[in-house]
Amino acid sequence: MASSSQNPLQNFHDFLPLMAGKLGGDGLIGELCNGFNLLVDGDKGVITFESLKRNSALLGLQDLTDDDLRCMLKEGDFDGDGALSQMEFCVLMFRLSPELMEASRFVFQEVIEQELKHGY
């Protein structure tokens, strides 16, 4: 069991940039949606603490404490309802991937520059 003094995700390897490169944007979003579906509470249509705790072992996160799971939910819960919608989950996954966020910024800047160059 993970101790509360150590970061349970410190050995986490960020595979999102690799997935994005192989799957493309639409494929990556599809895989994130599949991940959401693994963790969702089928009756409520959102990821709840209970559904995250019950299904986290599917993602190799069985050693996370209840506090760790609550922190994960809180990190992505933008509307404050105590659960993660599909959109909140996908945004959280992007936010947790610094490399993917940087690549997204780069692509966004390129699009803006192209639009400005070609007279929006």
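User: Before we start, what is pLDDT?

Analyst: It's the predictor's own confidence in each residue, on a scale from 0 to 100. You need it here since this is a predicted model, where local features need pLDDT of at least 70, side-chain atom pairs count only at pLDDT 80 or more, and totals for chains, interfaces and linings use all residues. Residues are numbered from 1 along each chain as its sequence is written, and side-chain values use heavy atoms, with hydrogens and water left out. So, in short, pLDDT is the predictor's confidence in each residue.

User: Which helix has the highest mean pLDDT?

Analyst: Helices here are DSSP runs (H or I, at least four residues; strands are E, at least two), numbered from the N terminus. The protein has five helices and zero strands. Helix H5 (residues 98-117) has the lowest mean, 61. The highest, 93, belongs to helix H2 (residues 49-55).

User: Is Gly 76 buried or exposed?

Analyst: Gly 76 sits in helix H3 (residues 66-76). Buried means under 20% relative accessible area, exposed over 50%, and partly exposed in between (1.4 Å probe, protein chains only). Because its relative accessibility is 0%, Gly 76 counts as buried.

User: Which residues does Gly 76 touch, not counting those up to four places away in sequence?

Analyst: Phe 89 is 13 residues along from Gly 76, with 6.5 Å between their C-alphas. The residues touched are Leu 84, Glu 88 and Leu 92.

Terms used:
Contact means heavy atoms within 4.5 Å.
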